[in-house]
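Me: I would like to learn how to read the features of a structure like this one. Could you take them one by one, giving the general idea and then the case at hand?

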Amino acid sequence: QVQLVESGGGLVQTGGSLELSCRVTGDTLSDYALAWFRLAPGKEREFVAAIPRRGGTPYYSDTVKGRFTISRDNAQNMVSLHMSSLKPEDTAAYYCAATIPLISNWAYRGDTEYNYWGQGTQVTVSS
């Protein structure tokens, strides 16, 4: 049974930085593509970043590219999201997600492609 648990959310001021972590248990992490999504009140779940099974070229939404960095450590069963230059519009609950990709080096932008999800961690950016 694959389980994901996020941590690291909190309150940060505009322009600040924050790092989120997601510990994945129950299976071999290198078999899974991993991603971060976020959900703000009144909005649809939004893709943030994704990384392939073995840390290949990651994907980012245009709104976070250049500010956020996704990374993974398969040996430690963890995926992280480092966030810099935070803006109030980054305020949301952030979720990590995992799936076994159809092609080994693929990762996906669509939330429907992922079948394992964490419980979320809240990030609030004050202005």
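Reply: We can start with one residue and its accessibility. This is a predicted model. Tyr32 has 3% relative accessibility, and because buried means under 20%, Tyr32 counts as buried.

Me: Which ring does Tyr32 pair with, and in what geometry?

Reply: The general idea is that two numbers describe a pair of aromatic rings: the distance of the centres and the angle of the planes. By the rule used here, the count comes to seven aromatic pairs. One of them joins Tyr32 and Tyr116, with 6.0 Å centre to centre and 75° between the planes, and is edge-to-face. This pair links distant parts of the chain: Tyr32 is in the loop between β3 and β4 (33-39), Tyr116 is in strand β10 (residues 116-117), and the two are 84 residues apart.

Me: What is the geometry of the pair formed by Phe37 and Tyr114?

Reply: Phe37 and Tyr114 are also described as edge-to-face, at 5.6 Å centre to centre and with 70° between the planes. Phe37 belongs to strand β4 and Tyr114 to the loop between β9 and β10, so here too the pair links distant parts of the chain, 77 residues apart. Phe37 counts as buried at 1% relative accessibility, and Tyr114 counts as buried at 4%.

Me: Which residues form the aromatic cluster?

Reply: Phe37, Phe47, Trp106, Tyr108, Tyr114 and Trp117 form one aromatic cluster. Trp117 also has a charged neighbour: Arg45 lies over its face, at 4.3 Å from the ring centre.

Me: What does Ala97 touch, leaving aside residues up to four places away in sequence?

Reply: The contacts of Ala97 are Leu4, Ala33, Leu34, Ala35, Phe37, Tyr114, Tyr116 and Trp117. Ala97 lies in strand β9 (residues 92-99) and, at 1% relative accessibility, counts as buried. Ala97 and Tyr114 are 17 residues apart along the chain, and their C-alpha atoms are separated by 6.1 Å.

Me: Next, disulfides. How many does the structure hold?

Reply: In general, a disulfide is a covalent bond between the sulfur atoms of two cysteines. The structure holds one disulfide. Its partners are Cys22 and Cys96, with their sulfur atoms 2.0 Å apart. The angle about the S-S bond is 55°, and the link is right-handed.

Me: What is the order of the strands in the open sheet?

Reply: A sheet is read as a sequence of neighbouring strands. Here an open sheet of four strands has the order β1-β3-β8-β7, and the pairing is antiparallel. β1 (3-7) and β7 (68-73) are the edge strands, each pairing on one side only. From one strand to the next, the twist averages 15°.

Me: Where do the individual bridges fall between β3 and β8?

Reply: Strand β3 (residues 18-25) and strand β8 (residues 78-83) pair in the antiparallel sense over six bridges. Cys22, a partner in the disulfide, stands opposite Val79 in β8. Arg23 has Met78 in β8 as its bridge partner.

Me: Is Leu81 buried or exposed?

Reply: Leu81, which lies in strand β8, counts as buried at 0% relative accessibility. Not counting residues up to four places away in sequence, Leu81 touches Leu18, Glu19, Leu20, Trp36, Val48, Ala49, Phe68, Thr69, Ile70 and Tyr94. Leu81 and Lys65 are 16 residues apart in sequence, and 12 Å apart in space from C-alpha to C-alpha.

Note on methods: Residues are numbered from 1 along each chain as its sequence is written. This is a predicted model: local features need pLDDT of at least 70, side-chain atom pairs count only at pLDDT 80 or more; totals for chains, interfaces and linings use all residues. Side-chain values use heavy atoms; hydrogens and water are left out. Buried means under 20% relative accessible area, exposed over 50%, partly exposed in between (1.4 Å probe, protein chains only). Contact means heavy atoms within 4.5 Å. Two strands pair if DSSP finds at least two bridges between them. Axes are lines fitted to C-alpha atoms, for helices over the stretch in contact, and angles run from 0 to 180 degrees between N-to-C directions. A disulfide is a pair of cysteine sulfur atoms within 2.5 Å. Rings of Phe, Tyr and Trp (its six-membered ring) pair if their centres lie within 6.5 Å; planes under 30 degrees apart count as stacked, over 60 as edge-to-face and the rest as tilted. A charge sits over a ring if NZ of Lys or CZ of Arg is within 6 Å of the ring centre and within 35 degrees of the ring normal.
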